[in-house]
Structures are given as structure tokens and as C-alpha cells.
Amino acid sequence: MEKIKIEGDRRRPSVNFDPALGTLEIRGRSTTENSLAFYKPLHEWVSQYRERPAENTTINIGLEYFNTSTSRWLYKILKALEPGNNVKVNWYYSDEDILDAGEDMKAILDIPFSMIKE
């Protein structure tokens, strides 16, 4: 399985999915107008990864801002890994809105979350 590495910009987050290390990272801002084109390939990658995951999987999400469509895709991506053996989410936040969004995700998913203030 290939790594995914995408450099972020002012509308798209940076992405680094490394199957060998079992790390999936999404950081930056996500206000892309065509979230389907951006996130659907990531969701498909995660669905394939789930068939042969690393022994431990760590998902690092550090978004300073994201729109509603991004929120839906984050949920789909995380849901595809639930329930997973040794899967955990590190949710990085710098303000209360992002913390609240992480708490909402945590409440509806069966994956352990760590809330980490940046």
C-alpha cells in the first residue's frame, strides 16, 4: 500500500498517511469547495488500509479550521476505522470551537480520543 502525502495550502489541509508506520495525519485548514474530490480518495485509502492495518494506528488531526463538509468526511474516515484494534485519535486544538468539534466526534465514535491543546 502506498503512502499518501499532500502538501496543504490555504484551503486544503496537509495529509500524510503512512501505512508502514500506522500514522494518518491531517493538519492545517480545510475549506475546500469540492470536499468530495479531496476526501473521497482518502476515505477509499482508509477502507483499503483497514483490511491490513499496522499493529497500532494513530490518527493525528490538527485542523485550525474546517467547514461542515470537511466534518462529514472526517467522520466517514474515522468511522471506517471503527472499531479497530489499537486505533487512537489525537485531536489537536487551539480554540474552544475545535475542541468542541473533537468532543462531538468522540461522543459518536467508538475510538479512543486524546484532546491535545496546541
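**Exercise 1. What span should the 15 residues of α1 have at 1.5 Å a residue, and how far apart are its end C-alpha atoms?**

Solution. This is a predicted model: local features need pLDDT of at least 70, side-chain atom pairs count only at pLDDT 80 or more, and totals for chains, interfaces and linings use all residues. Residues are numbered from 1 along each chain as its sequence is written, and side-chain values use heavy atoms, with hydrogens and water left out.

Step 1. Helices (H or I, at least four residues) and strands (E, at least two) are DSSP runs, numbered from the N terminus.

Step 2. Apply the rule. The expected span is 1.5 Å times one less than the number of residues. For α1 that gives 21 Å, and the end C-alpha atoms are 21 Å apart, so the two agree.

**Exercise 2. Find the buried residues of α1 and say where they lie around the helix axis.**

Solution. Step 1. Set the cut-offs: buried means under 20% relative accessible area, exposed over 50%, partly exposed in between (1.4 Å probe, protein chains only).

Step 1. List the residues. Ser 35, Phe 38, Tyr 39, Leu 42, Trp 45, Val 46 and Tyr 49 are buried.

Step 2. Look down the axis. The arc is that of the directions from the helix axis to the C-beta atoms.

Step 3. Find the partners. The buried residues of α1 pack against β1 (4–6), β2, β3, β4 and α2.

Step 4. Check from α2, where Trp 73 is found. Trp 73 counts as buried at 10% relative accessibility. Beyond residues up to four places away in sequence, Trp 73 touches Ser 35, Leu 36, Tyr 39, Lys 40 and His 43; contact means heavy atoms within 4.5 Å.

**Exercise 3. Trace the pairing of β1, β2 and β3, then inspect the turn.**

Solution. Step 1. Two strands pair if DSSP finds at least two bridges between them. β1 and β2 run antiparallel, joined by three bridges. Ile 6 has Val 15 in β2 as its bridge partner.

Step 1. β2 and β3 are also antiparallel, with five bridges. Here Asp 18 partners Thr 23 in β3.

Step 2. Four residues separate β2 and β3 in this hairpin, and Gly 22 in the turn has a positive phi of about 75 degrees.

Step 3. Leu 21 is in the loop between β2 and β3. Its relative accessible area is 61%, so Leu 21 is exposed. Setting aside neighbours within four places in sequence, Leu 21 contacts Ala 54 and Asn 56.
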